[in-house]
Amino acid sequence: MTAPPPTRRAATRLRWPRRIAPGVQALSLLAAGTAAAADGAPPAPDQRVEIRSNAADQRRADVAGRQVVGRAELLRHGDARLADALQRVPGITVDNRGQGTELKLGGLGGGYTQVLLNGEPLPRGTSLDSIALDSIERVEIVRGSTVQSSQAIAGSINLVTRRPAAATTREAKLQAASQWGRPQASASLNLGGGAGATTWGVGLVLSHENQLWPASFVQERLEGSDETPTQRARTDKRERDRTEAVSLNPRLAWKHDEDDGGRWQLSTDHSLRHAVSRGGVADRREPLSGPPPAQQHSDMTLDYRRLFWRGRAQALRRNADGAQTEARLNITHASRDQRARVLGYDFASRLVQDTSVDGLAIDQSAVFQLNHQRPLGATHRLDMGVEWERARRREDRVQIEQSLPFGLPPQNLDERYDARVQRRALYLQDEWSPRDATALQLGVRVEQLVTDSQGNVFDRVRQAQRLVGPVLRLSMRPGAGAGTFKLGLSRGFKLPAPRDVMPRRYVPIEVSPTSPAQVGNPDLRPERAWSLDGSWQDRWSALGAELVLSAALRRIDDVMLDQLSAQPGVPNAPWLLQRFNGGRAWSAALEAELRGQAPHALVAGAPLRWQASLSLMRSRLDDVAGARPALPGQAPWQVKLDLTQRLAAGWTAQLGLEARGAALADLPSSRRVEGLARRSLSAGLSWQPQPRQTWRLSVVQLAATDDVDVKSVRVLEAGTPALYRAREAWLREPVWRLGLDCAF
């Protein structure tokens with residue numbers, strides 16, 4: 001039986017590969033250089049160790065210890081995706097699950113890390129893949145909250161886009177890649193220049209991505225106190241996506257110097273991305289013991305279009321006395337128009353599910369910011385500002401299911417949702433330098449948020465919150481050889497996501513205690529957290545390196561967790577998961593970052609550039625029983641290592657390593673989630689035949705372990721205890737890339 005076309009209401013609307021000769025030479029040089037660095041060998045008399053300390057000096061001078069990763073650092077390995085470039089940055093954890101990407105600081109995900117775009121929260125509905133890496137000028141990382149971003153308990157990652165350059169710019173890049181035998185390609189063009197007081201720039205990116213995310217799930221049920229196996233099944237999943245996208249980033253700036261020494265600067269920049277995708281998910285299930293699952297196989301086809309536009313206008317006035325006033329207006333629009341169809345068959349090859357879904361989601365926001373900075377004498381600087389935001393998400397979803405003889409009762413839905421957010425904020429901060437080697441920041445941010453969600457399938461949900469976030473920071477340089485000490489105390493917040501509040505139900509194909517249906521909780525409150533952050537930074541002359549040690553302790557109140565409940569009378573959703581405020585949580589982190597250059601005699605005048613980091617993380621839930629009550633997804637440790645060696649004749653080699661430990665968390669409702677240990681290598685070789693031309697060959701996810709999560713839950717069914725367990729393994733395969741960067 002074929003479903004009729006759905007209607008939609010108008011929305012208000014590791015195998016090492018063979019390497020060429022320079023590559024073999026590169027790996028041997030990298031190993032030799034590492035040994036020299038580890039032995040602490042002093043440099044030869046005719047060699048000079050040069051610390052590239054621009055970013056290090058900026059971090060040392062900033063009272064908040066702001067970590068800045070520049071454009072050259074982001075692009076030097078030839079990555080095409082922003083998430084791949086950020087994966088190499090010390091302190092940042094990047095998690096991928098199929099098409100989903102999450103950035104973490106201190107190993108804390110789920111909204112504890114705030115991602116900003118030019119200082120404003122990344123609009124809802126905006127994915128990292130929609131931001132072209134080539135459009136990013138730098139990335140700024142701050143641990144803890146600030147008066148400019150209080151909704152950042154773990155910290156913030158600010159993505160700053162490119163500004164127009166006064167010098168003429170003509171850059172082109174081509175890249176081809178392959179993973180799982182599927183081709184990927186991208187081409188980008190950057191043009192820019194200036195005339196008098198005006199500068200301009202434009203970036204264009206064309207991309208084709210044919211991606212596959214295979215996974216394997218094993219689900220089992222064990223019954224009774226002796227945990228006798230009663231059912232076990234395996235699911236092979238293939239999630240696929242083919243996307244063609246075009247991105248356009250025009251930029252324009254004008255400046256005017258006045259006779260009194262003041263300056264006016266006006267600028268505007270935009271980002272437009274249009275993507276057309278075809279994909280889907282194919283599941284094949286095999287019973288290993290016990291009764292079979294309800295479906296033998298299911299196939300979902302998914303077609304969708306995504307449009308993202310962001311426009312920003314900025315006016316900056318610098319006075320001769322050092323004061324400056326800045327006004328910014330940001331407007332964003334993101335839409336996703338999709339059509340999906342799911343066909344499911346049982347083990348008798350009978351059609352038991354035929355579902356068609358037609359959905360349209362639109363996210364819009366406008367943010368206005370006004371900031372004034374003024375020096376108050378020689379030792380004080382005042383920073384004050386106001387923010388206003390209005391955001392809205394509208395979603396229409398029509399679901400049509402066929403009534404089939406051997407299927408579940410059909411659910412035909414016509415749902416409309418409208419969520420609005422209004423935000424007003426006022427902040428004030430005084431930066432005081434009582435001595436040359438000491439700086440203090442004292443500030444406060446007052447924020448009022450009003451959320452209003454309504455739809456045709458639930459009652460209206462309206463919440464108003466007033467949040468006060470004080471910030472206190474201290475920076476000291478006691479003297480030569482003692483380094484720079486920083487200490488900060490701040491209060492931050494984490495707001496519930498709209499889907500966590502709206503009482504809308506999300507139902508997977510196969511519902512079980514380890515894969516339940518989900519529904520929002522209108523009574524969910526924001527999390528509030530106090531954060532204590534400290535760091536020490538100094539040059540380590542024995543290794544010719546820069547060392548940064550940092551620590552963080554966070555107390556989180558009203559932590560948002562998940563509660564599982566049984567609904568035996570609901571055939572389509574017998575198990576339901578809902579968020580609730582589960583008491584207090586604690587989180588602690590220690591991080592060490594070390595970067596420098598190690599001279600050696602293998603390549604004259606070309607020291608080995610190296611960067612290493614180690615993070616230790618832990619969390620605890622006060623009101624949850626179990627051997628390891630903790631926040632989910634936080635690995636106990638993470639190591640990153642990056643080595644770069646210049647070779648003869650314009651060749652450069654790179655080798656990277658990332659590894660993290662297993663994350664174990666006991667959660668409410670006798671649930672446990674464990675993420676197994678992971679590791680991954682990357683390698684690259686670049687050749688610069690001319691000063692403005694670079695060829696790159698690279699591979700990421702080399703010798704990578706699969707991303708494996710193990711979920712378990714203990715329940716009571718008809719008075720009998722049962723244990724459900726699911727092992728989810730997302731398979732990883734090396735990604736090979738070949739690229740060309742040139743300027744003309």
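Two strands are taken to pair if DSSP finds at least two bridges between them, and strands themselves are DSSP runs (E, at least two residues) numbered from the N terminus. The structure is a predicted model, in which local features need pLDDT of at least 70 and side-chain atom pairs count only at pLDDT 80 or more, while totals for chains, interfaces and linings use all residues. Residues are numbered from 1 along each chain as its sequence is written, and side-chain values use heavy atoms, with hydrogens and water left out.

The mean pLDDT (the predictor's confidence in each residue, from 0 to 100) of the protein is 87, with 92% of residues at 70 or more. Over residues 1–53, pLDDT stays under 50. Where pLDDT is low, the predicted coordinates should not be read in detail.

Five strands form an open sheet with mixed pairing, in the order S1-S6-S7-S4-S5. Its edge strands, S1 (67–70) and S5 (120–121), each pair on one side only. Strands S1 and S6 (residues 136–143) run antiparallel and are joined by four bridges; Gln 67 has Ile 141 in S6 as its bridge partner.

Four aromatic pairs are present, defined for rings of Phe, Tyr and Trp (its six-membered ring) by centres within 6.5 Å; planes under 30 degrees apart count as stacked, over 60 as edge-to-face and the rest as tilted. Phe 217 and Trp 730 are edge-to-face because their planes stand at 70°, with ring centres 6.2 Å apart. This pair links strand S10 (residues 198–223) to strand S36 (residues 720–730), 513 residues apart. Both residues, Phe 217 and Trp 730, are buried (under 20% relative accessible area; exposed is over 50%, partly exposed in between; 1.4 Å probe, protein chains only).

Technical notes
Contact = heavy atoms within 4.5 Å.
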